[in-house]
Amino acid sequence: MILRATTLPDVRPVSDLRQNMAEVMESIDTEKRPVILTKHGRGKYILLSIEEYNKIAAIDVLHEAIDEGIADIEAGRVSDFHEFAQKLRKDIKNGNL
């Protein structure tokens with residue numbers, strides 16, 4: 001998870017969630033930062049909004065695409081842009097896409 005300095009997580013014991021669930025959820029929504037729940041003094045769970053989760057998931061997808069691109073380059077699976085563009089135009093013109 002990538003956290004910016006302004007989004008440092010709130011750390012609370014898991015018992016706090018049991019006793020103050022509404023407050024913890026409200027904090028997640030208003031503070032726009034995750035809550036780390038601890039069990040026996042160690043981080044165990046992270047609660048975050050769907051919005052924040054989607055941001056993290058999008059970054060993960062981007063990293064995977066970059067890794068695939070690097071692997072393609074290293075394996076020599078590359079093509080000339082102009083040749084690719086010509087083939088694409090031809091495929092579009094012929095209805096192959």
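Before we start, note that the model is predicted: local features need pLDDT of at least 70, side-chain atom pairs count only at pLDDT 80 or more, and totals for chains, interfaces and linings use all residues. Residues are numbered from 1 along each chain as its sequence is written, and side-chain values use heavy atoms, with hydrogens and water left out.

Let's begin with helix H3. Helices here are DSSP runs of H or I with at least four residues, strands are runs of E with at least two, and both are numbered from the N terminus. H3 covers residues 50–74. It has 25 residues and reaches 36 Å from its first C-alpha to its last. That is close to the 36 Å expected at 1.5 Å a residue. The expected span is 1.5 Å times one less than the number of residues. Just after H3 comes Gly76, with a positive phi of about 80°.

Who sits in H3? Tyr53 does. Tyr53 is partly exposed, at 48% relative accessibility. On that scale, buried means under 20% relative accessible area, exposed means over 50%, and partly exposed lies in between, with a 1.4 Å probe and protein chains only. Tyr53 and Pro34 are 19 residues apart in sequence, and their C-alpha atoms are 9.5 Å apart in space.

Now the salt bridges. A salt bridge is a side-chain nitrogen of Lys or Arg within 4 Å of a carboxyl oxygen of Asp or Glu. How many does the structure hold? Seven.

One of them is in H3. Lys55 pairs with Glu52, with the closest N and O atoms 3.2 Å apart. The two are three residues apart in the helix, so about one helical turn separates them. Lys55 is partly exposed at 39%, whereas Glu52 is buried at 14%.

Helix H4, residues 81–93, has a pair too. Asp91 meets Lys87 there, with the closest N and O atoms 2.8 Å apart. They are four residues apart, about one turn of the helix. Asp91 is buried, with a relative accessible area of 16%.

Elsewhere, salt bridges that share partners join Asp10, Arg12, Asp16 and Glu23 into one network. Within it, Arg12 and Asp10 meet at 2.8 Å, N to O. Are those two buried or exposed? Both are buried.

Patches are made of residues with over 30% relative accessible area and no salt bridge; like charges are joined within 9 Å, and nonpolar side chains (Val, Leu, Ile, Met, Phe, Trp, Tyr) within 5 Å.

The negative patch is Asp60, Glu64, Asp67 and Glu68. Glu64 belongs to H3 and is partly exposed at 44%.

The nonpolar patch is Phe81, Phe84, Leu88, Ile92 and Leu97, with about 560 Å² of accessible area together. Accessible areas come from the Shrake-Rupley method with a 1.4 Å probe; for residues, only the protein chains shown count as cover. Leu97 lies in the segment after H4. It is exposed, at 71%.

Last, two backbone details. Most residues other than glycine have a negative phi. Lys32 has a positive one, near 55°. It lies in the loop between helix H2 (21–31) and strand E2 (35–39), and is partly exposed at 42%. His40 also has a positive phi, near 55°. Its loop runs between E2 and strand E3 (42–47). His40 is exposed, at 78%.

Technical notes: Lys, Arg positive; Asp, Glu negative; His and termini not counted. Charge placed at Lys NZ, Arg CZ, Asp CG, Glu CD.
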